[in-house]
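Welcome! Please take a moment to look over the sequence and the structure shown here before reading on.

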Amino acid sequence: MTTLRDMTRADLPAVLALEEELFAPDTWTAAMYRDELARTDTRHYLVAVDEAGAVVGYAGLIAYPEEAHIATIGVAAAVQGQGVGALLLDTLLAEADVRSRVVLLEVRADNEVAQGLYRRRGFVEIGRRRGYYQPSNTDAVVMSREVLARAR
Ligand SMILES: CC(C)(COP(=O)(O)OP(=O)(O)OC[C@H]1O[C@@H](n2cnc3c(N)ncnc32)[C@H](O)[C@@H]1OP(=O)(O)O)[C@@H](O)C(=O)NCCC(=O)NCCS
C-alpha cells in the first residue's frame, strides 16, 4: 500500500532521481527543491512511499489565499496507473480548497494522461504558453479549477 507524507530534504535524492526519470531534460534542481521546502508558509510538498519506504511519487502545491498552483506531480513509471497520482492530486486539492480560491497548473501540451486526470477533477483549459518547458521548448496548457467546496 502507498502512503503519503510531507517531503523533507532527506527525500531529495529519491525525488531528483524521479525527476530525471519523468521530466528530463526539463528537470528541477536540488537547489530549487531546497528553496521550495524552506518556504513552509505557502508550500506543501508530499511524497508517496511504498511499503518498503521507497519514494514512488511526489507532488507540490504553492498556495496563496487568492490562488494556488500545482507546482509538480510525478509517479515512478513502474507504479503508474495504480492510483498514486490521483491520491497525490486529490490530497493537494483538498489542501488548496482550504487555503485558496482557485487552483492553477501548467501541463505539457502533449501529455494527454495528465490533462485527463486534471479535467476529471474540474480543471478547464484557460490558455497556452508557447515553449514554457525548457530546454525542451515544449508548449504548456494552462488549466484552472475554481474552489467549489465552500462559500466565500
Ligand atoms: C500523470 C501522473 C502523475 C499520473 O499518475 P498515476 O499514478 O499514473 O495516475 P493514476 O493511476 O492515479 O491515474 C490517474 C488517472 O489517469 C488515468 N490514467 C492513468 N494512466 C493512464 C494511461 N496510460 N492512459 C490513460 N489514462 C490513464 C487513470 O484512469 C486515472 O483516472 P481518474 O482521473 O479517473 O482517477 C503519472 O502518469 C506521471 O508521473 N507521469 C509522468 C510525469 C507527468 O506527466 N506529470 C504531470 C506533469 S503536469
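Is Arg101 buried, partly exposed or exposed? Arg101 is partly exposed because 14 other C-beta atoms lie within 10 Å. On this scale a residue is buried if 20 or more other C-beta atoms lie within 10 Å of its own, exposed if 12 or fewer, and partly exposed in between, with C-beta atoms placed from the backbone. Arg101 is found in the loop between H3 and E5. Its C-alpha atom is separated by 37 Å from that of Ala52, and these two residues are 49 apart along the chain.

Some notes on reading the model come next. This is a predicted model, in which local features need pLDDT of at least 70 and side-chain atom pairs count only at pLDDT 80 or more, while totals for chains, interfaces and linings use all residues. Residues are numbered from 1 along each chain as its sequence is written.

**The whole protein**

The protein has 4 helices and 7 strands. These are DSSP runs numbered from the N terminus, with helices (H or I) of at least four residues and strands (E) of at least two. From the N terminus on, the order of elements is β-α-α-β-β-β-α-β-α-β-β. The C-alpha trace spans about 40 × 35 × 30 Å along its principal axes. Of the 152 residues, 27% count as buried. The radius of gyration of the protein is 15 Å, which agrees with the value near 15 Å for a compact globule of 152 residues. Here the radius is taken over C-alpha atoms, and the globule rule is 2.2 Å times the number of residues to the power 0.38.

**The sheet**

The 7 strands form an open sheet with mixed pairing, in the order E1-E2-E3-E4-E5-E7-E6. Two strands pair if DSSP finds at least two bridges between them. Strand E1 (3-6) and E6 are the edge strands, and each pairs on one side only. From one strand to the next, the twist averages 25 degrees. H4 packs on this sheet and touches E5 and E7, and its direction makes about 165 degrees with that of E5. Contact means that the C-beta atoms of two residues, placed from the backbone, lie within 7 Å. Axes are lines fitted to C-alpha atoms, for helices over the stretch in contact, and angles run from 0 to 180 degrees between N-to-C directions.

E7 (residues 138-146) has antiparallel neighbours in E5 (residues 102-108), with 7 bridges, and in E6 (residues 124-133), with 6 bridges. Some of the bridge partners are listed here.

| Residue | Bridge partner in E7 |
|---|---|
| Val107 | Val141 |
| Arg129 | Ala140 |
| Glu125 | Met143 |

E6 and E7 also form a hairpin with 4 residues between them, and Asn137 in the turn has a positive phi of about 65 degrees.

**Around the ligand**

Which residues come nearest to the ligand? Of the 18 residues around it, these are Val75, Gln80, Gly85, Ala86 and Val107. A residue counts as near if its C-beta atom, placed from the backbone, lies within 6 Å. Strand E4 (68-75), helix H3 (84-99) and helix H4 (112-119) each supply at least two residues of this shell. H4 gives the most, with 4 residues.
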